[in-house]
Number of protein chains: 2
Amino acid sequence: MNNSNLGKNYIIRLSEYKNALSRFKTLGFVKVFSDNLADSVGVTSVQVRKDFSLFGISGNRRGGYLVEELIEKLNDILGKNEVQNVVLAGAGHLGTALTKYKGLEKEGIKIVACFDIDPSKIDKKANPPTLSFDELFEFIKKNAIKIGIISVPENAAQEVAEKMMSAGVKGILNFAPIKLRGIEDCIISYVNIELELENLIYFVNATQKSKKNKGGVK
Amino acid sequence: MNNSNLGKNYIIRLSEYKNALSRFKTLGFVKVFSDNLADSVGVTSVQVRKDFSLFGISGNRRGGYLVEELIEKLNDILGKNEVQNVVLAGAGHLGTALTKYKGLEKEGIKIVACFDIDPSKIDKKANPPTLSFDELFEFIKKNAIKIGIISVPENAAQEVAEKMMSAGVKGILNFAPIKLRGIEDCIISYVNIELELENLIYFVNATQKSKKNKGGVK
């Protein structure tokens with residue numbers, strides 16, 4: 001876990017470079033320079049070259065990279081050249097939006113099944129199917145699923161996480177606004193939309209107030 | 001901006017304490033100790049008391065806090081005792097899910113209008129209404145909106161952000177997987193679901209591989 005945390009920043013940057021490269025590719029770029037990537041991602045070009053050198057990626061004599069080749073290499077590092085099957089618990093508004101989200105598929109991430117406790121939401125013929133929560137454990141085991149998404153209400157999240165982990169899930173992305181108690185070999189990431197908005201509101205209010213105190217807006 | 005970043009961590013913790021307190025309240029707690037909050041949020045109790053003391057909050061002689069009173073104080077600090085009106089650009093699956101998300105309302109955050117470029121999505125009578133993107137600028141100005149959420153495709157995000165900022169928005173929560181070029185007095189936060197999942201997948205794969213190399217799973 002400590003190693004993972006240590007390395008988290010450069011992996012985030014590699015993902016960001018890759019996303020920037022996809023945009024460059026869409027725009028018809030064949031070659032990019034570390035400056036282009038640095039500008040897109042908001043780091044220095046030295047940082048870009050440093051991150052690449054960690055994985056033995058080097059540009060040509062003038063510091064240019066072939067877009068296609070670089071995407072391929074980054075996908076390889078990020079394990080994106082194979083489709084990653086994922087399960088989702090909680091077929092509410094957010095969960096359903098995630099299953100329909102084109103962005104995931106583009107990144108080779110496939111939600112293969114949803115699970116919900118509400119019988120009215122069960123739909124085995126949908127794509128992906130929504131199954132009963134009772135089937136979660138077996139499904140994960142049978143299909144050797146390693147990644148789970150949790151978008152259930154906060155009071156159900158811990159139970160769902162435990163069920164996922166006991167079936168073999170090693171990584172959880174949790175949207176419920178609650179800290180999960182994990183087990184040692186499972187990585188838990190959080191997306192807390194309320195918290196992000198709350199913080200934003202706090203800082204905007206604080207900035208506005210301090211401006212007023214300083215005698216008005218510039 | 002630097003001040004905001006410096007202070008971000010304790011504000012995140014204050015929000016987390018407040019969420020934990022809401023859960024305690026639901027469970028019927030009248031009083032909590034810093035240990036209870038520390039356990040819920042995953043920090044030490046020393047940290048909890050330190051964070052509170054920054055804002056002049058102190059417990060009773062035995063280190064206990066009254067739940068109701070503490071929630072009130074935290075709401076005051078976080079600016080949560082008044083409803084915060086927010087606009088949302090992009091009424092796709094994710095945007096629509098956000099407007100229906102109960103969690104925001106509970107936190108005093110109200111999406112007062114959505115905006116979309118697609119005429120088939122316009123619905124002035126819905127709650128919140130979905131309006132034409134052409135009305136975004138005027139709406140923000142007229143209603144003095146300070147916070148915007150962006151859930152449009154990545155190629156439209158920068159334009160939408162600029163429109164929001166020019167109309168007076170000071171804080172943006174961006175769901176589009178692209179770094180936005182902001183202006184000095186606007187704070188931009190990111191929720192990048194693909195990136196979170198990608199990182200999770202990378203670390204799970206890396207951990208599994210290193211276990212295999214070490215001679216199998218324990």
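This is a predicted model: local features need pLDDT of at least 70, side-chain atom pairs count only at pLDDT 80 or more; totals for chains, interfaces and linings use all residues.
The interface comes next. On the side of chain B, 63 residues are in contact with 62 residues of chain A. Of the interface residues of chain B, 98% are also interface residues in chain A, so the copies meet through the same surface. Together, chain B and chain A bury about 5800 Å² between them, and 66% of that area is on carbon and sulfur atoms.

As for specific interactions, the rule finds eight residue pairs in polar contact across this interface, both members of each pair being at pLDDT 80 or more. Several elements of chain B each supply at least two residues to the side that touches chain A, among them α1 (2-26), α2 (34-41), β6 (147-150) and α9 (193-213). The element that gives the most is α9(B), with 16 residues. By residue class, this side of chain B divides into 31 nonpolar, 15 polar and 17 charged residues.

Let me turn to the charged pairs. A search of the whole structure finds 14 salt bridges over all chains, and across the interface of chain B and chain A the rule finds four. One salt bridge joins R23(A) to E154(B), with the closest N and O atoms 3.4 Å apart. This pair crosses between chains, running from helix α1 (residues 2-26) of chain A to helix α8 (residues 154-167) of chain B.

Y101(A) itself lies in the loop between α5 (93-99) and α6 (102-106) of chain A. Between Y101(A) and D185(A) there are 84 residues of separation in sequence and 29 Å in space, C-alpha to C-alpha.

I now consider the annotated regions, which come from the UniProt record. An unreviewed entry lists residues 16-55 of chain A as "DNA-binding region". Over that stretch the chain is 72% helix and 8% strand, and its end C-alpha atoms are 16 Å apart. The annotation "domain: CoA-binding", also from an unreviewed entry, covers residues 79-179 of chain A. There the chain is 33% helix and 25% strand, with the end C-alpha atoms 28 Å apart.

Finally, some backbone details. In chain A, the peptide bond from N127(A) to P128(A) is cis, with omega near 0°, and P128(A) is placed in the loop between β4 (109-116) and β5 (130-132). In chain B, the bond from N127(B) to P128(B) is likewise cis, with omega near 0°, and P128(B) is in the loop between β4 (109-116) and β5 (130-132) of that chain.

A144(A) is not a glycine, yet has a positive phi of about 50°; this residue lies in the loop between α7 (136-142) and β6 (147-150) of chain A. A144(B) has a positive phi of about 50° as well, and is located in the loop between α7 (136-143) and β6 of chain B.

Thank you for your attention.

Note on methods. Residues are numbered from 1 along each chain as its sequence is written. Chains are lettered from A and ligands numbered from 1 in the order in which they are written. Side-chain values use heavy atoms; hydrogens and water are left out. Contact means heavy atoms within 4.5 Å. Buried area is the accessible area (1.4 Å probe) that two parts lose on being put together, summed over both. A salt bridge is a side-chain nitrogen of Lys or Arg within 4 Å of a carboxyl oxygen of Asp or Glu. A polar contact is a pair of N or O atoms within 3.5 Å; within protein, one must be able to donate a hydrogen and the other to accept it, and residues adjacent in sequence count only if both atoms are side-chain atoms. Helices (H or I, at least four residues) and strands (E, at least two) are DSSP runs, numbered from the N terminus. Ala, Val, Leu, Ile, Met, Phe, Trp, Tyr, Cys and Pro count as nonpolar, Asp, Glu, Lys and Arg as charged, and the others, Gly among them, as polar. UniProt positions are given in the numbering used here, feature names are shortened, and annotations may be inferred rather than shown by experiment.
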